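Hi,

Here is the structure I promised to pass on. Have a look at it first, and then read on for what I found in it.

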Amino acid sequence: MSTLFRHLPSVGQILEALGGDGDIAALPRPLVKDLVNEFLEICREEIRQNAIVHEDALALNTLVPRLKAYVLSRSRPHFRRVLNATGVIVHTNLGRSLLAKPAIEAVAEACGHYSNCEFDLATGKRGSRYSHVEKILCDITGAEAALVVNNNAAAVFIMLETLARGREVIVSRGQLVEIGGSFRIPDVMSKSGAVLREVGATNRTHRHDYEHAIGDETGALMRVHTSNFRVVGFTKEVSLPELRELGDRYGLPVIEDLGSGTLYSLAGEGLLGEPTVQQVVAQGADVVSFSGDKVLGGPQAGIIVGRREYVDRIKKNPINRAMRIDKMTLAALEATLRLYLDMDTARREIPTLRMITATQESLRSKARRLADALRAGLGEAVEVTLRKGFSRVGGGAFPEYDLPGTMVAVRISGISADELRDALLDTDPPLVARIEDGVFLLDPRTLASKELKLAADALRQAADTLKTKDRR
Ligand SMILES: *Cc1c(COP(=O)(O)O)cnc(C)c1O
């Protein structure tokens, strides 16, 4: 063993051997040096563990290709593109919505140039950054006024802080939701200084539950979208028109946290029971908040629309400054909203809506093309079958609704589904899929047509890596 250590090349020898490599030369030299040292330490450990038992494995021309792969893989940017083959369209862990092309272009324009971000071109004086999207939001939703903050969590917080700090907000026990990642209505409420007044039971809340709770301390009535769960069976919720009527009788604002919120009616897709923002505004909610990057399909943002008197108070809240959106978000949001001026255009151009409304034929055809690419890339080793399965909207929208489609089941001889899943996290780009009943599945719904070949390449890379590991 000790003689093997002496066969390890030096850092200097390795750097010299890598000298002519363009990919490596493009990297910062100190970083390459550190990674070479790391790699040599791994080799020493392999010698100690008897994973390397022969000096041939340490020859420069054997070591350098492995080393190069190591250096390139460890020096990649941390924030990376991934291929989403999970079938979850608004996947919070994978960055939620993809922007439509005009929105991507608007972002590039906004960050590469100066702009009228807070400059009024009509007067030549200071302007408001919200002016760019307020009118279009009002035109689309029918609201009197609008405001955009950093995300919907911030929107809920600032609505409560502005309209109900130090006062009670009445919410049904059936709507005290936790959205993954620590957003819980009771906690946001308490941080905002509003006092939660829960009414009703988990499964049933009546109009008189709200009415009995109304008193001198009441600041608002609130409804929260039960985004990621459903109470089914013996249930009752109080409708927005009923709450509106109570609000009018007692002079209280009605706040609605719509969660995902959609501007495009998905009733035609069989996604029933999900009101559009337009309907919620028409039914008289005073302030409504929803996310920019869930079903709307735009950038991360929290959108607040509603009655001018309330929205104006929220705008003037000093906390608003700490939640403001940047120019890239503004540009992307305006470009996305413009697509909603024609609903057919929105459905065609906005990736999130396009994926939700994809037809069975188009999904089948994509699955076939993916299967072909896999067979072409992996040959005999791969067994590919198409089968019926389900995708999800995600992002806490339509939790109980499965979108039917065609899945591609993949088996590669000698490789388990778990091994394949793990190896795919280290391909370039990485690919995230799912395993159902022990079967490795790719859902083509969330892969763009142009990504099918990349997905097949990723599987080939993963299979190659696993096989080389076996041999070593
Ligand atoms: C998603 C969601 C939020 C949080 O929205 P973000 O945009 O993630 O901040 C708040 N309330 C409900 C009901 C939600 O579904």
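Predicted model: local features only at pLDDT ≥ 70, side-chain atom pairs only at ≥ 80, totals over all residues.

The side chain of Arg 96 brings an N or O atom to 2.9 Å from a ligand oxygen. At Ala 153 the backbone is involved: one of its polar atoms is 2.8 Å from an oxygen atom of the ligand. How much of the ligand does the protein bury? On its own the ligand exposes 380 Å², and the protein buries 94% of that.

As for what sits around the ligand, the shell comprises Arg 96, Asn 151, Asn 152, Ala 153, Ile 179, Phe 183, His 225, Ser 227, Asp 257, Gly 259, Ser 291 and Lys 294. By type they split into 6 polar, 3 nonpolar and 3 charged residues. Two elements, helix H8 (152-164) and strand E11 (254-259), each contribute two or more residues to this shell.

Some of those shell residues deserve a second look. Arg 96 sits in the loop between strand E2 (88-90) and helix H6 (101-112). Its phi is near 55 degrees, which is a positive value in a residue other than glycine.

Asn 152 belongs to helix H8. Is Asn 152 buried or exposed? Its relative accessible area is 8%, and buried means under 20%, so Asn 152 counts as buried. Leaving aside residues up to four places away in sequence, Asn 152 touches Asp 257, Gly 259, Ser 289, Phe 290, Ser 291, Ala 301 and Gly 302. Asp 257, Gly 259 and Ser 291 are also listed among the residues around the ligand.

The C-alpha atoms of Thr 141 and Val 280 are 8.9 Å apart, although 139 residues separate the two along the chain. The Thr 141 side chain also reaches the backbone nitrogen of Ala 143, at 3.2 Å.

On the overall layout, the domain assignment gives domain 1 (2-74), domain 2 (83-93 + 356-471) and domain 3 (101-349). The centres of domain 1 and domain 3, taken over C-alpha atoms, are separated by 55 Å.

Finally, some backbone details to check if you set anything up from this model. Asp 428 and Pro 429 are joined by a cis peptide bond, with omega about -5 degrees. Pro 429 is in the loop between helix H18 (417-423) and strand E16 (431-432). Asn 50, in the loop between helix H4 (29-48) and helix H5 (60-74), has a positive phi near 60 degrees and is not a glycine.

Cheers

Conventions: Residues numbered from 1 in each chain as written. Heavy atoms only, no water. Near = heavy atom within 4 Å. Polar contact = N/O pair within 3.5 Å; in protein donor to acceptor, adjacent residues only side chain to side chain. Areas by Shrake-Rupley, 256 points an atom, 1.4 Å probe, with all protein chains shown as cover. Helix = DSSP H or I, 4+ residues; strand = E, 2+ residues; numbered from the N terminus. Nonpolar A, V, L, I, M, F, W, Y, C, P; charged D, E, K, R; others polar. Domains from an automatic or database assignment. Buried < 20%, exposed > 50% of the residue type's maximum accessible area, 1.4 Å probe, protein only. Contact = heavy atoms within 4.5 Å.
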